[in-house]
Amino acid sequence: MNMIKGHSYSEYRRFLNHWNDAQIAERWGITQSELSQWKAENGIFITHYDVKRLKVYRKIIKLQKMGYSFEKINRLMQISPAKHRQVLEEYEGVE
């Protein structure tokens, strides 16, 4: 995998936990289009939104394993039942 101005994919993944692509590009001193091109060249399709949703999914699964009910999980995580179902459907089988 190619590097972009001395930055690697692993560094990019760490930054995705807290920042979106525009903020990462600004931090690295490159344009957003350069970052997008680098991602396309290296087959990187994950976004900040995906990372956040995956964290929600993992938290839901953890709470389910602890025996919490559907309603209790919604209250604890402050999410709607629709969003709860959507996250479970989108990330089913991901670990």
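Helices are DSSP runs of H or I of at least four residues, numbered from the N terminus. Just after helix H3, Gly43 takes a positive phi of about 70 degrees. The model is predicted, so local features need pLDDT of at least 70 and side-chain atom pairs count only at pLDDT 80 or more, while totals for chains, interfaces and linings use all residues. Residues are numbered from 1 along each chain as its sequence is written, and side-chain values use heavy atoms, without hydrogens and water.

H3 spans residues 32-41, and its buried residues are Leu35, Trp38 and Lys39 (buried means under 20% relative accessible area, exposed over 50%, with a 1.4 Å probe and protein chains only). These three lie on the same side of H3, because they cover an arc of only 100 degrees around the axis, taken from the directions from the helix axis to the C-beta atoms. The face turned away from the buried side carries the exposed residues Ser33, Ala40 and Glu41. Helix H1 (9-16) and helix H2 (21-28) are among what covers the buried residues of H3.

The largest nonpolar core has 12 residues, including Tyr12, Ile24, Leu35 and Trp38. Such a core is a set of buried Ala, Val, Leu, Ile, Met, Phe, Trp, Tyr and Cys residues joined through side-chain atoms within 4.5 Å. H1, H2 and H3 are the elements that give two or more residues to this core. Apart from it lies another core, of 10 residues, among them Leu63, Ile73, Ile79 and Tyr91.

Definitions and conventions:
Contact means heavy atoms within 4.5 Å.
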